[in-house]
Amino acid sequence: MWLDSHCHLAADEFDADRADVLDRARDAGVDRLIAIGSGYGIAGNARAVELAASDPRVFATVGVHPHEAKELDDAGRRWLDELIERPRVVAVGECGLDYHYMNSEREVQRAVFAEQAASARSRHMPASIHVRGDEPNAFEELLDIWLAETRGEVEGVLHCYTGSLAFARRAIEAGFYISFSGILTFKNDRGLREVAKALPLERLLVETDAPLLAPQGFRGKRNEPAYVVAVGEVLAALHARPVEEIARATSENARALFRLEDA
Ligand SMILES: [Zn+2]
Ligand SMILES: [Zn+2]
């Protein structure tokens with residue numbers, strides 16, 4: 001069985017047919033999903049928490065996406081502090097740095113990511129982390145802030161990884177898992193398959209980041225959790241392992257990271 005370690009199931013794009021989307025995920029063998037709270041407006045966190053509370057297949061994260069960093073105020077902080085304590089919330093995030101779109105100023109992004117990392121440490125929670133931008137800046141700054149704030153006491157996952165092999169190895173040493181999305185299946189993967197092939201399976205996760213980033217064959221369509229299988233199939237080919245073994249390994253990795261047995 002598969003686990004989609006990062007999807008935006010709470011996004012408006014799924015309002016019309018969310019139950020069908022979950023049925024198709026089940027039919028494809030995807031039996032666990034991590035619904036990311038942030039990324040579609042800070043208020044969207046509440047919807048992810050509600051979805052997790054109402055469906056045993058779904059777990060939630062609560063956090064502030066770098067795009068939303070500029071929206072965070074003290075009332076929002078207090079609200080998120082309460083929300084993150086709710087049942088079946090398994091991680092902080094997604095949070096991080098995005099120097100590609102720059103929807104929030106760098107200084108604001110760095111400060112809010114530092115807060116999120118500190119929150120993960122104080123709560124002993126893992127984090128789902130977004131990093132985008134040219135290496136080295138965004139990636140180096142992200143790792144520096146994370147290690148300064150967490151002192152390496154909690155784990156995280158670099159979701160939708162698009163960085164270099166060298167950085168991925170350092171991130172793994174620093175306690176991160178690496179998660180691959182549909183980009184791994186794209187004809188033009190910009191070298192990402194070589195990165196995925198060289199990394200140890202015991203630190204890898206798969207995800208859709210739905211509704212965006214539909215895999216090759218579904219490009220241009222809305223992405224959904226069922227398509228995480230397409231990402232796993234490419235990973236299986238790269239590692240020359242049976243698809244079932246990739247499903248089991250990536251699900252076990254996610255269960256360990258997010259401590260789903262305790263949630
Ligand atoms: Zn992201
Ligand atoms: Zn995301």
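Arg259 sits in the segment after helix 9, where helices are DSSP runs of H or I with at least four residues and strands are runs of E with at least two, numbered from the N terminus. Check its backbone too: phi is positive, about 50 degrees, although Arg259 is not a glycine.

A word on ground rules: this is a predicted model, in which local features need pLDDT of at least 70 and side-chain atom pairs count only at pLDDT 80 or more, while totals for chains, interfaces and linings use all residues. Residues are numbered from 1 along each chain as its sequence is written, chains are lettered from A and ligands numbered from 1 in the order written, and side-chain values use heavy atoms, leaving out hydrogens and water.

Now pick His124, another non-glycine residue with a positive phi, near 55 degrees. You'll find His124 in the loop between helix 4 (106-123) and strand 5, and at 53% relative accessibility it is exposed.

Step back to helix 9 (residues 243-258) and select Asn253. Is Asn253 buried or exposed? At 10% relative accessibility, Asn253 is buried. Leaving aside neighbours within four places in sequence, its contacts (heavy atoms within 4.5 Å) include Tyr177, Glu202 and Arg203.

Next, the metals. Show the zinc ion (ligand 1): Glu94 (OE), His130 (ND1) and His159 (NE2) coordinate it at 2.0 to 2.1 Å. Donors here are N, O and S atoms within 2.8 Å of the metal (3.2 Å for Na, K and Ca), and water is not among the atoms, so sites may look incomplete. Glu94 lies in strand 4 and His130 in strand 5, so the pair ties together parts that are 36 residues apart in sequence. Glu94 is buried at 2% relative accessibility, and His130 is buried at 12%.

Slide over to the zinc ion (ligand 2), which is 3.4 Å from the zinc ion (ligand 1), with Glu94 coordinating both. Its donors are His6 (NE2), His8 (NE2), Glu94 (OE) and Asp209 (OD), at 2.1 to 2.3 Å. His6 is buried at 0% relative accessibility, and so is His8 at 3%.

While Glu94 is selected, look at its peptide bond with Gly93: it is cis, with omega about 0 degrees. The bond from Ala210 to Pro211 is cis as well, with omega near 10 degrees. Pro211 lies in the loop between strand 8 (204-206) and helix 8 (228-239).

Last stop: the largest pocket, about 420 Å³ in volume. On a 1 Å grid over the protein atoms alone, a pocket is an open set of points where a 1.4 Å probe fits, with protein on both sides within 12 Å along at least five of seven lines; lining residues have an atom within 4 Å of a point. The volume is the space filled by probe spheres set on the points, which are joined across faces, edges and corners. Of its 20 lining residues, Tyr101, His130, Arg132, Asp209 and Leu212 are the closest to the centre. Strand 5 gives the most to that lining, with three residues.

Definitions and conventions:
Buried < 20%, exposed > 50% of the residue type's maximum accessible area, 1.4 Å probe, protein only.
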